[in-house]
Structure formats: structure tokens, C-alpha cells
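Thanks for coming, everyone. I'll take a few minutes to walk you through a protein that is new to this group. Please look at the screen.

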Amino acid sequence: MPQPVKSPLNSQLGAVLKAVIGETKADYLFRMIDVNDRLLADPANDAGKVSRLTMAQALNMILFDGLLEAVPEGKAYSEDKLAAGEPIIFDHGAIRTVDGPATGALPRGHVAMARILAPLGFDIAGVYPLSRLKMTGRAFCHADEPELIAQFFVSELHVEEFSPAFQQAVANTVGKSVDPLSPGAKVLLDQLADNGNIGFADATKLLPVLVKCFGAQHGPVAEADYEILLAESAEMAWISTEGNAFNHATDRVDDIEAVADEQRAKGRPMKEKVEISSTGSVRQTAFKATRVLRQMRDANGDLVSRDVPGSFYEFISRDHVRDETTGEQKLDLRFDSSNAQGIFKMTAGSKAA
């Protein structure tokens with residue numbers, strides 16, 4: 001007879017999530033997101049070890065939930081799928097970083113994220129020039145289960161390719177950034193990197209610290225600096241208000257055109273076209289960025305609110321392609337520089353992006 005389906009909450013992944021975000025939210029995310037049984041193989045054991053695979057999935061699920069709270073259109077879409085019994089296939093999340101000489105206590109560029117992702121088992125699987133934006137993107141793919149764990153697309157903006165005034169505005173904005181990684185968290189990451197696992201209690205201490213790394217680590221930007229940044233780079237202007245938060249999270253769907261048509265019919269603010277990779281095997285589109293109110297400092301140093309673009313929710317479809325080494329058909333997990341630069345326009349600042 002077939003074995004009964006094990007409750008995800010009774011797995012080690014479920015135990016970690018319950019300890020960090022509570023049972024109600026953990027149950028919600030397990031129903032919302034497709035989680036393969038291979039990620040639930042370790043039974044709950046608060047005296048046992050937590051693998052890097054479990055830590056990676058737990059972090060991804062919490063970050064996805066944070067994106068839904070920040071993007072109402074994405075949450076409404078995901079709730080529709082939940083009601084229909086169709087789980088989200090979380091494909092990737094995107095983060096923007098600053099590659100410049102003045103980033104405060106944070107390492108410059110993608111290293112700020114790589115120092116977190118590498119101990120969790122993520123390797124750089126591809127480097128993508130984003131020349132029009134004076135940026136470079138890197139895809140971080142999980143070494144243990146590349147098709148089951150959502151990737152991270154980490155981009156960095158090359159500050160020194162911009163004007164002196166822009167460089168100074170960047171330094172004014174992020175030059176005093178704090179590092180959310182405590183010394184204790186760094187020790188636990190080192191243990192995770194060395195051993196591939198850490199104790200349950202340590203895992204539940206480390207995970208909330210890692211979540212904090214995906215946010216703004218600097219104070220409110222000055223309005224004058226924001227205008228300088230916006231004039232030369234909408235992407236850096238976005239970083240100035242949102243920091244290292246998820247720029248977007250992505251549902252992997254079968255028929256992206258049908259999804260886009262359905263969402264437009266529901267009156268949700270969709271990108272006008274689908275971006276298609278040079279290979280034709282990866283297609284992407286998105287909701288337009290959610291408008292948010294963020295505090296800035298005016299000429300007198302007083303806090304004022306500005307309406308700016310926040311994060312957004314993306315859709316992607318990926319074909320299976322022949323692996324050149326093994327000859328097997330595998331999901332095409334690659335990204336595309338042109339696609340990425342088209343998708344980045346969602347946060348360009350215009351209400352009619």
C-alpha cells in the first residue's frame with residue numbers, strides 16, 4: 001500500500017520554520033509554495049542537525065513571504081493560485097547590490113550576498129553583463145538540488161562607471177551602511193560551510209539574522225542625492241530606498257502568455273510584453289512595480305515622504321534543453337542579459353513603466 005503523505009510540518013524544514021515564524025505562517029507557506037518531498041526527507045528533530053539544503057529552503061520561503069507582503073498584486077495572484085490548489089513554483093529571487101568604494105560595513109557588490117549564499121550551498125552558475133545599466137548579474141544556483149531550490153539573481157551596480165556627482169551621492173547614501181551579520185552569525189555560517197549542517201538551536205538563531213540581510217542597511221536617502229541618482233540610474237535610486245530587499249520573486253509557469261493575458265483581464269498592472277531569451281527557451285514578464293511611500297531627508301534634514309517604485313512579482317517559463325555534457329534533457333536554469341535588462345525596467349520610476 002502507498003505510504004501516507006507526511007505532513008511538511010513534521011519535517012526538519014517544518015520544525016525550523018515553526019520555530020522562526022510560527023506554525024500558522026509555516027503551514028501557509030507549505031500550502032502556497034511547491035516543496036518537493038526530497039526537501040522534507042529529514043524528520044523533525046530539535047536535537048539534531050539542520051542541513052544547508054534545509055536552511056536554504058527555509059530562507060527562500062521566508063523571503064518569498066516577505067515579497068508577497070510588499071507586493072499586493074503578487075499576493076493576490078498567489079492567493080488565487082492557493083485557492084485553486086495550484087502551488088507556486090518559486091524559481092528565483094533578485095537582489096541588487098552596490099559595487100563601489102563606499103559601502104560602509106558591507107562588502108562591496110555581490111560579495112555582500114555571496115558570503116551568505118555560499119555557506120548555504122549556492123554556487124555562481126552564470127555571470128551576465130548588464131551593460132546598458134552599468135551592472136553585472138550573477139546567478140546563484142544550489143549545488144545539491146539545482147532544480148528544486150529557487151535561485152538568487154544578484155546584480156551589482158558599478159559606481160565608478162558613473163559621474164563624480166553620482167559617486168558622491170552613492171557614498172552619501174550607503175557609505176555608513178551597517179552589517180546585519182553579527183560575529184556569532186558569521187561563526188555559524190563558517191560552521192555551515194565547513195560541515196554542511198549546524199545544530200537545530202543554532203539554525204533557528206541564524207535564520208532570522210540571514211533574513212535581515214535582505215533589506216536596507218542604511219538610513220533615509222537625502223532628496224537631493226536621490227534626484228542625482230535617479231537622473232543617472234533608476235536602479236541605484238531603487239537601491240537607495242529599498243537596499244538589498246528582494247527586487248522581485250518569480251513564479252515558474254507553463255504558459256506565460258496565458259498567465260499574462262489572465263492577469264491583464266483581472267485588471268492587474270502587467271508589463272506590456274514578454275521578454276524572450278536569445279535561445280528562445282526562457283520567457284519572462286512581470287507585474288509593474290508596486291508604488292510605495294519612503295522617507296527621505298529634505299534640504300533642512302527633516303523627514304519627508306516620497307512616492308517611489310518598490311518591488312514587483314515576476315513570471316518565468318523555462319524549457320527543457322539538452323545537456324551538452326550528458327545528453328540528458330534538463331530544465332534550462334540559465335538567465336539572459338537582455339531579458340534581465342528588460343525586466344529591470346519595472347522599477348524605472350515611471351508610474352506607467
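Let's start inside, with N60. Setting aside residues up to four places away in sequence, N60 touches F90, F122, I149, A150 and F152. N60 itself sits in helix α3. Is N60 buried or exposed? It is buried, because its relative accessible area is 1%, and the cut-off for buried is under 20%.

One caution before we go on. What you see is a predicted model.

Now step back to the whole chain. How many helices and strands does the protein have? There are 12 helices and 14 strands. The radius of gyration is 20 Å, close to the 20 Å that the globule rule gives for 353 residues, so the protein is as compact as a globular protein of that length. Along the principal axes, the C-alpha trace spans about 70 × 50 × 40 Å.

What share of the residues is buried? Of the 353 residues, 54% are. The accessible surface comes to about 15000 Å². Carbon and sulfur atoms account for 50% of that surface.

Next, contacts along the chain. Take those between residues at least 6 apart in sequence. Of these, 71% join residues at least 24 apart.

And the charges? The protein has 37 positive and 49 negative ones. Their mean positions are 2 Å apart.

Back to single residues. Look at H92, in strand β2, which covers residues 90-99. H92 has a relative accessible area of 2%, so it is buried. Which side chain makes a polar contact with that of H92? It is E314, at 3.0 Å. Leaving aside neighbours within four places in sequence, H92 has other contacts too, among them H248, Q284, R318 and F335.

Now helix α1, residues 12-21. Its buried residues are Q12, L13, G14, A15, V16 and L17. What do they pack against? The answer is α2, β1, α3 and α8. Remember that α3 is the helix that holds N60. Just after α1 comes G22, with a positive phi of about 95 degrees.

Over to R294, in strand β10, residues 291-297. R294 is partly exposed, because its relative accessible area is 28%. Its side chain makes a polar contact of 2.9 Å with the side chain of E242. Not counting residues up to four places away in sequence, R294 touches T241, E242, V304, S305, R306 and V308. How far is R294 from L59, C-alpha to C-alpha? They are 26 Å apart in space, and 235 residues apart in sequence.

Last stop, L331. It lies in strand β14, residues 329-331. Its relative accessibility is 12%, so L331 counts as buried. Not counting residues up to four places away in sequence, L331 touches E147, R252, R318, D319 and H320. From L331 to A171 is 41 Å in space, C-alpha to C-alpha. In sequence, those two are 160 residues apart.

To recap the residues on this tour: N60 is buried, H92 is buried, R294 is partly exposed and L331 is buried. Thank you.

Methods
Residues are numbered from 1 along each chain as its sequence is written. This is a predicted model: local features need pLDDT of at least 70, side-chain atom pairs count only at pLDDT 80 or more; totals for chains, interfaces and linings use all residues. Side-chain values use heavy atoms; hydrogens and water are left out. Helices (H or I, at least four residues) and strands (E, at least two) are DSSP runs, numbered from the N terminus. The radius of gyration is taken over C-alpha atoms; the globule rule is 2.2 Å times the number of residues to the power 0.38. Buried means under 20% relative accessible area, exposed over 50%, partly exposed in between (1.4 Å probe, protein chains only). Contact means heavy atoms within 4.5 Å. Accessible areas come from the Shrake-Rupley method with a 1.4 Å probe; for residues, only the protein chains shown count as cover. Lys and Arg count as positive and Asp and Glu as negative; His and the chain ends are not counted. The place of a charge is taken as NZ of Lys, CZ of Arg, CG of Asp or CD of Glu. A polar contact is a pair of N or O atoms within 3.5 Å; within protein, one must be able to donate a hydrogen and the other to accept it, and residues adjacent in sequence count only if both atoms are side-chain atoms.
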